[in-house]
Amino acid sequence: MKRAVIIIGIVLIGIAYVLGFWPQYQKVQKSRQQLEMANIQLAGLQAQVGLYRLQHDLLAVTRQTNQKNYGQASALSTKFFDGVRDELPRQTDPKVKTALQSILQQRDAVTSALAKGDPGALGLLQPLEDTMFQVLSEPIAASVAPSSTN
């Protein structure tokens, strides 16, 4: 009899533990899923910010080239192309990677034209601008996971 009471007590304690533990466990699991979704969204937005930063740098190069400030344009060009090289591994979209690689292939030609003070450098920068605008015109939602409202 005493043994049965102990077993029943242990079973009741186990049931009480599970009843208290399970809801908390479910909340933790849901929180982990939400955190994972937030991290995915954050990574996508960081990738977008990186691309916008590159576009800004490229527009600064173009502006300085337009104003015939070739020394300043050359320095900004170096910053831009280094940024493209650094951003390339952070991007996950194959289209974006391909676009950034094609931009990077133009580095020597642009650098050379700016070093010579060649007004034709603008003609080399225009296709790079077009590529950046095309990359950034893709819907942002495509690179960011949809949020959960649960």
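These notebook entries record what I looked up in this predicted model.

**Ground rules.** Residues are numbered from 1 along each chain as its sequence is written, and side-chain values use heavy atoms, without hydrogens or water. Local features need pLDDT of at least 70 and side-chain atom pairs 80 or more, while totals for chains, interfaces and linings use all residues.

**Helix H1.** I checked the length of H1, residues 2–66. Helices here are DSSP runs (H or I, at least four residues), numbered from the N terminus. The expected span is 1.5 Å times one less than the number of residues. Lys68 follows H1, with a positive phi near 65°.

**Aromatic pairs.** I searched the whole structure and found four. Rings of Phe, Tyr and Trp (its six-membered ring) pair if their centres lie within 6.5 Å; planes under 30 degrees apart are stacked, over 60 edge-to-face, the rest tilted. Phe21 and Tyr25 are stacked, because their centres are 5.6 Å apart and their planes at 25°. They sit four residues apart in H1, so about one helical turn separates them. Phe80 and Phe81 are edge-to-face, with centres 5.0 Å apart and planes at 65°.

**Burial.** I used relative accessible area: buried is under 20%, exposed over 50%, partly exposed in between (1.4 Å probe, protein chains only). Phe80 is buried at 1%. Phe81 is also buried at 1%. Phe21 is partly exposed at 38%, and Tyr25 is partly exposed at 33%. Leu19 in H1 is exposed at 60%.

Note on methods:
Helix = DSSP H or I, 4+ residues; strand = E, 2+ residues; numbered from the N terminus.
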